[in-house]
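Please look over the model below before reading the points.

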Amino acid sequence: MIELVCASANPDKVAEMAEVLAGHAVLLPRPEGVGDVAEDADDLTGNARLKAQAVCQFAGAAALADDTGLEVDALGGAPGVHSARYAGPDAVYADNLARLMADMQAVPPPQRTARFRSVVMVCFPDGSELAAEGVVEGVITVEPRGTGGFGYDPVFAPAEGGGRTFAEMGAAAKNSLSHRARALRALLELLRDR
Ligand code: IMP
């Protein structure tokens, strides 16, 4: 089974990645000596590459990164690539959620459509890379609901989720249809064909 060094520092993401990859790839922990990687690319692919390349070079082994954005149609696709810092450079999940709720306050339900998009990338020591994307469509709820998941999960109800937000689903249900799981499954196909 292929071994991939994890290049994502977010433990919430890493837990989901490990669950989806279980039985298909071994996810090794992110080396402690790798510092923070500035995620200042223009798009998700560029940020995933920055993270995966940094860890690949440090570890001398194939490294896997994820970069994710929430695209809200009524906000012209924001926060998108800026999802982690939507409420400011030091924003935590609750800050970003509060800003999103405030920005969406006047937007009526039919116009609250949104999607999560994930790009996952493996960088190899020989300089090659493989990337895949996963998308899940849904809506931004009027109020946060649920205690599971992380980030924007309490306000995102996937179209195929029977009205529940990601935070109201268990981990297995989220992983059955999430942007990240879809991207990882597509990546596993590419890794198999490599
Ligand atoms: P990044 O991919 O590290 O830039 O993270 C983007 C931000 O989007 C994170 O800080 C979270 O707030 C949010 N995010 C990423 N993935 C998810 C998810 O699966 N559910 C909810 N929020 C997420």
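1. Which strand and which helix each supply at least two residues of the shell around the ligand? They are strand S3 (63-72) and helix H5 (179-193); helices (H or I, at least four residues) and strands (E, at least two) are DSSP runs, numbered from the N terminus.

2. This is a predicted model, in which local features need pLDDT of at least 70, side-chain atom pairs count only at pLDDT 80 or more, and totals for chains, interfaces and linings use all residues. Residues are numbered from 1 along each chain as its sequence is written, and side-chain values use heavy atoms, with hydrogens and water left out.

3. Around the ligand there are 16 residues (a heavy atom within 4 Å). Lys13, Thr68, Asp153, Lys174 and Arg180 come nearest. By class, the shell has seven charged residues (Asp, Glu, Lys, Arg), five nonpolar (Ala, Val, Leu, Ile, Met, Phe, Trp, Tyr, Cys, Pro) and four polar (the others, Gly among them).

4. Lysine 13 places a polar side-chain atom 2.5 Å from an oxygen atom of the ligand. For threonine 68, a backbone N or O atom lies 2.8 Å from an oxygen atom of the ligand. A polar backbone atom of tyrosine 152 is 3.0 Å from a nitrogen atom of the ligand. The ligand taken alone exposes 480 Å² (Shrake-Rupley method, 1.4 Å probe), and the protein buries 95% of that.

5. The whole structure holds four aromatic pairs (Phe, Tyr or six-membered Trp rings with centres within 6.5 Å).

Methods:
A polar contact is a pair of N or O atoms within 3.5 Å; within protein, one must be able to donate a hydrogen and the other to accept it, and residues adjacent in sequence count only if both atoms are side-chain atoms. Rings of Phe, Tyr and Trp (its six-membered ring) pair if their centres lie within 6.5 Å; planes under 30 degrees apart count as stacked, over 60 as edge-to-face and the rest as tilted.
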